[in-house]
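Here are my notes on this one, as promised. Have the model open while you read, since the points go pocket by pocket and then through the helix packing.

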Amino acid sequence: MTDVDAAVSTTDDTARRRSLNLRQAFAEFVRHPSPWMLAAAFAGAVAGRVLLGDWRASDVWVPAIMLGAFPVYEWMIHVFILHWRPRRVGPITIDSLLARKHRAHHADPRDLPLIFIPWQTLIPVIASTYAIGIFAFDRYALGFTFIVVASAVGLGYEWTHYLIHTDYRPVSKAYRTVWNNHRMHHYKNEHYWFSVTTSGTADRLLRTYPDPATVPTSRTARTLHAEAS
């Protein structure tokens, strides 16, 4: 049994759901709003891209750059936005919905609605993605290539993160490493293993991928930013 398996067994036995296969997991996945929103954004972008035509070499290298950069982008979002520590500026507390929801997610990693990107946040994210694609590129066709890749990556992230937190058990070695990486973040120590869709790529680059044997089990993984007593 790995460290993360032991941690899960000691913290979640009383809340354990029945084991799932992929079909059952997907049936639950599509009951939540964010997958539908991301799927609609992806479908609209694909339709727009096909209608625009004008295929060029940049429609290959732009997605390649986006996919190569995504693990670092994902790490930065996780560290600086999701793990944002509330700050007071005079009488005002700066604390986003995403950060509040993420703290609740750490408090109860098995609460299904908390696994998903809040729809209130996803609306401006999708709108800004379309705005970037339409206005930031020198041709609309390439902009829609950007939107297709961004929405597909978002949908892939949402599915991967959801699946890790269900009772679907890893079958392939590749998924096992991704599963283990994120479970370590929740059940071993919240200060490490920030990658979600990859097995520690950005964590290795940014030095948040230690040997688990050298890291103490955190007493605040469920209560982000709380002082351990």
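1. The largest pocket has a volume of about 920 Å³. The volume is the space filled by probe spheres set on the points, which are joined across faces, edges and corners. Of the 39 lining residues, Phe 70, Tyr 73, Ile 77, Ile 117 and Val 125 are the closest to the centre of this pocket.

2. Before going further, the provenance: this is a predicted model, local features need pLDDT of at least 70, side-chain atom pairs count only at pLDDT 80 or more, and totals for chains, interfaces and linings use all residues. Residues are numbered from 1 along each chain as its sequence is written, and side-chain values use heavy atoms, with hydrogens and water left out.

3. Who lines the largest pocket? Two or more residues each come from α3 (33-52), α4 (58-82), α5 (97-107), α6 (112-115), α7 and α8; helices here are DSSP runs (H or I, at least four residues), numbered from the N terminus. The most comes from α8, with 10 residues. By class, the lining splits into 27 nonpolar, nine polar and three charged residues, where Ala, Val, Leu, Ile, Met, Phe, Trp, Tyr, Cys and Pro count as nonpolar, Asp, Glu, Lys and Arg as charged, and the others, Gly among them, as polar.

4. The second largest pocket holds about 210 Å³ of space. It has 11 lining residues, and those closest to its centre are His 83, Arg 85, Glu 190, His 191 and His 225. Its lining has four nonpolar, four polar and three charged residues.

5. On to the helices. α7 (residues 119-135) and α8 (residues 140-164) pack at about 155 degrees with axes 7 Å apart, which makes them roughly antiparallel. Axes are lines fitted to C-alpha atoms over the stretch in contact, and angles run from 0 to 180 degrees between N-to-C directions; over 145 counts as roughly antiparallel, and 65 to 115 as roughly perpendicular. On the α7 side the contact (heavy atoms within 4.5 Å) includes Thr 129, Tyr 130 and Ile 132, and on the α8 side Tyr 140, Gly 143 and Phe 144 are among the partners. The tally is eight nonpolar, three polar and no charged residues.

6. α4 and α8 cross at roughly 35 degrees, their axes coming within 10 Å. The crossing is right-handed (the near helix is turned clockwise from the far one by less than a right angle). Contact residues include Met 66, Leu 67 and Phe 70 of α4, and Phe 146, Val 149 and Val 153 of α8. They divide into 12 nonpolar, two polar and two charged.

7. How do α4 and α5 pack? At an angle of about 95 degrees, with axes 9 Å apart, and therefore roughly perpendicular to each other. His 78, Ile 81 and Leu 82 in α4 meet Leu 98, Ala 99 and His 102 in α5, giving four nonpolar, two polar and no charged residues.

8. Leaving aside neighbours within four places in sequence, Pro 210 is in contact with Tyr 192, Trp 193 and Val 215. Pro 210 and Ile 77 are 133 residues apart in sequence and 20 Å apart in space, C-alpha to C-alpha.

Technical notes: Angles under 35 degrees count as roughly parallel, over 145 as roughly antiparallel, 65 to 115 as roughly perpendicular and the rest as oblique. On a 1 Å grid over the protein atoms alone, a cavity is a set of points where a 1.4 Å probe fits but cannot get out, and a pocket is an open set with protein on both sides within 12 Å along at least five of seven lines; lining residues have an atom within 4 Å of a point.
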